[in-house]
Amino acid sequence: MPNLTQNRMRAPVKSKRGIGGVLRELFSYSSKLKLPSAAAFALAVAGAVLTIIGPSLLSQITDLISDALAAQIDLAAIGRIGVTLLAIYGLSAVFTYGEHFIMATVTLELSRDLRQDLSRKINRVPMGYFSRVSHGDILSRVTNDVSTLQQALANSLPSMISAAAQFIGCLIMMLVTEWRMALAAIAVTLLGFAVMAAVMLRSQKYFSARQENLSTLNGYVEEMYSGHDVVRLSRAGGKIKAAFGGMNGELYDAEWRSQFLSGVMQPLMTVVGNLGYVAVCVLGSALAMSGQISFGVIVAFILYVRLFTSPLSTLAQGMSQMQSAAAAGDHIFDFLQEEELPDETGKKEAPAQVRGEVEFDHVRFSYPDNPDKVIIRDFSAHVQPGQKVAIVGPTGAGKTTLVNLLMRFFEIDGGSIKIDGVPTSQMTRESVHNLFSMVLQDTWLFEGTVRENLVYNKTGVTDRELEEACRACGIYHFIETLPQGLDTVLDDSIAISAGQKQLLTIARAMVQDNPMLILDEATSSVDTRTEQITQRAMDRLTQHRTSFVIAHRLSTIKNADLILVLKDGDIIEQGTHDQLLAKGGFYADLYNSQFEKAAG
């Protein structure tokens with residue numbers, strides 16, 4: 001788990017793009033975001049302007065009532081102003097609803113598009129990326145980070161736009177109404193801005209650390225629970241709990257600090273607002289007593305101060321959520337901007353009819369993240385159509401790497417690999433993949449029916465073909481015992497052994513019926529009796545197909561047409577089982593050592 005250890009020790013970093021950078025990325029990413037966002041902005045400004053007009057009309061009502069203390073009240077004028085106020089506040093509510101509706105719709109579509117693009121990106125990044133980044137980290141980007149970004153944009157951005165428009169509008173109205181009282185309110189508000197800026201600068205690194213630590217924790221949980229049996233058998237529970245506790249503590253610390261600092265802003269803004277009320281009331285009373293302003297101006301200013309300072313609270317809360325969005329957006333766009341596999345426009349498809357002749361010509365390879373360590377040094381071999389080729393050797397000899405190169409999961413550093421005389425580098429990756437069926441040591445079944453697991457992306461498969469494949473693999477009797485047979489859903493309620501899973505994946509390869517076959521220790525999870533059944537099934541499966549078998553149990557590849565013995569990335573021996581035994585070399589030593597262990 002070296003990569004996870006490195007992730008756990010990684011120091012928190014600030015969001016590289018910041019809020020503005022993430023928003024620019026989003027607008028450049030999705031053209032659909034521009035027009036609706038402009039419409040939402042216009043509605044927010046219109047709603048804020050209507051809200052700002054209210055205090056001016058209330059000031060007129062106050063002056064009418066004040067003037068009426070010495071004369072008759074003009075109820076008609078008060079009624080007209082009251083109706084106007086109702087209309088203004090009603091329109092403001094409609095505009096606000098429209099603004100939030102537009103942004104909610106747009107951000108939901110944006111999150112849908114981001115998830116789709118992240119899913120497509122997973123299939124376009126080199127395989128080496130997955131050796132550097134845990135699956136849980138990628139999962140966190142697709143689920144948690146996208147949700148965080150969507151919620152922040154839907155909930156905070158409209159409110160922040162309205163708050164900004166309201167703040168600017170109130171500032172203008174206050175200066176027009178009474179500039180001295182406006183300056184007093186502004187002086188108090190500047191203090192609020194200074195506090196908010198200081199808190200934001202300090203809290204941003206903790207929001208970024210929260211997203212980083214959450215991804216690391218997700219990756220660790222995914223890794224540990226996928227190997228839970230090994231953890232329990234190894235009695236490593238204490239160590240796992242300690243490691244999890246450390247990561248959980250780091251996440252808690254980042255969460256606590258980010259939430260504490262963002263939570264401080266709301267009460268601070270309330271205090272600033274109250275100070276504004278005090279300043280307006282004291283200065284307004286002095287000006288009213290000297291006859292320089294009317295009592296209605298004080299009433300209007302009290303409302304203006306509320307409208308002027310409340311956006312600060314909204315902006316403070318919104319900026320906290322936008323900081324989370326910036327950290328999540330960094331994660332998303334970092335992945336979307338990862339280097340992709342080279343473009344294959346212009347490359348040709350694999351031949352429609354493949355005989356299965358494979359030639360390795362002086363192949364050389366080292367993994368991209370460690371170019372100095374050569375895995376395959378100088379590999380050459382020629383495989384005839386329909387041959388069964390076994391690849392054997394000690395751990396780390398390059399057996400699985402060789403198959404990965406044949407499938408073009410990685411690009412070779414030198415030499416060439418040809419299928420029917422055509423270099424695989426000249427074919428598209430997808431067409432190369434379509435030439436092979438594959439049975440791996442690690443079985444993979446998804447939650448679905450037995451039929452869906454067997455057919456998997458192949459159309460036109462009949463029940464008879466499924467039955468023949470299952471009978472050949474010795475799994476048909478097990479399927480008959482299931483509640484709905486082939487239509488039984490494989491989930492936690494169905495008890496299925498590791499060996500039965502392996503047999504199902506072998507049956508899937510039979511159903512796929514591709515011209516070439518790769519078996520990576522496909523009988524590792526079955527018992528001796530089942531291995532004999534499976535071996536006969538695989539013999540049928542490999543007939544008339546060029547097949548590559550990675551084998552650790554050498555007894556399973558005695559009938560191979562060609563055995564390639566790898567050591568340190570080179571072929572040191574090749575031939576049939578009998579030829580290699582007669583030679584008495586490395587293969588004979590391997591075979592005899594296994595035989596002695598079995599006898600013992």
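Strand 3 and strand 9 (residues 562-567) run parallel and are joined by four bridges. Helices (H or I, at least four residues) and strands (E, at least two) are DSSP runs, numbered from the N terminus, and two strands pair if DSSP finds at least two bridges between them. The chain holds 20 helices and ten strands.

The model is predicted, so local features need pLDDT of at least 70 and side-chain atom pairs count only at pLDDT 80 or more, while totals for chains, interfaces and linings use all residues. Residues are numbered from 1 along each chain as its sequence is written, and side-chain values use heavy atoms, with hydrogens and water left out.

**The chain as a whole**

- Of the 600 residues of the chain, 48% count as buried; buried means under 20% relative accessible area, exposed over 50%, and partly exposed in between (1.4 Å probe, protein chains only).
- Among contacts with a separation of 6 or more, 79% come from residues 24 or more positions apart; a contact means heavy atoms within 4.5 Å.

- Strand 3 covers residues 388-392, and five of its five residues are buried.
- Both faces of strand 3 are covered, with Lys388, Ala390 and Val392 on one side and Val389 and Ile391 on the other.
- Strand 3 also pairs with strand 8 in the parallel sense, over four bridges.
- Opposite alanine 390 stands valine 549 of strand 8, and opposite valine 389 stands leucine 562 of strand 9.

- Four strands form an open sheet in the order 2-1-4-5, with antiparallel pairing.
- Strand 2 (374-383) and strand 5 (422-423) are the edge strands, each pairing on one side only.
- Five bridges join strand 1 (residues 358-366) to strand 4 (residues 414-419) in the antiparallel sense.
- Aspartate 361 has serine 416 in strand 4 as its bridge partner.
- Helix 12 (residues 399-406) lies across strand 1, strand 2 and strand 4, and runs at about 115° to strand 1. For such angles, axes are lines fitted to C-alpha atoms, for helices over the stretch in contact, and the angles run from 0 to 180 degrees between N-to-C directions.

**Aromatic rings**

- Rings of Phe, Tyr and Trp (its six-membered ring) pair if their centres lie within 6.5 Å; planes under 30 degrees apart count as stacked, over 60 as edge-to-face and the rest as tilted.
- The count by this rule is seven aromatic pairs.
- One of them is the edge-to-face pair of phenylalanine 360 and phenylalanine 548, at 6.4 Å centre to centre with 90° between the planes.
- This pair links distant parts of the chain, since phenylalanine 360 is in strand 1 and phenylalanine 548 is in strand 8 (residues 546-550), 188 residues apart.
- Phenylalanine 360 and phenylalanine 548 are both buried.
- The ring centres of phenylalanine 365 and phenylalanine 410 are 5.8 Å apart and the planes are at 55°, so this pair is tilted.
- Phenylalanine 365 belongs to strand 1 and phenylalanine 410 to the loop between helix 12 and strand 4, 45 residues apart.
- Phenylalanine 365 and phenylalanine 410 are likewise buried.
- Ring pairs join Phe360, Phe379 and Phe548 into a cluster.

- Most residues other than glycine have a negative phi.
- Arginine 408 is not a glycine, yet its phi is positive, at about 65°.
- Arginine 408 is in the loop between helix 12 and strand 4, and its relative accessible area of 3% makes it buried.
- Aspartate 420, also not a glycine, has a positive phi of about 55°.
- Aspartate 420 is in the loop between strand 4 and strand 5 and counts as buried at 18% relative accessibility.

- Helix 6 (residues 135-155) and helix 7 (residues 157-177) pack at about 30°, with their axes 3 Å apart.
- Helix 6 is therefore roughly parallel to helix 7; angles under 35 degrees count as roughly parallel, over 145 as roughly antiparallel, 65 to 115 as roughly perpendicular and the rest as oblique.
- Ala152, Leu153, Ala154 and Asn155 of helix 6 make the contact with Leu157, Pro158 and Ser159 of helix 7.
- Arginine 132 is in helix 5 (residues 128-132) and is partly exposed, with a relative accessible area of 42%.
- Arginine 132 and aspartate 369 are 237 residues apart along the chain, and their C-alpha atoms are separated by 8.6 Å.
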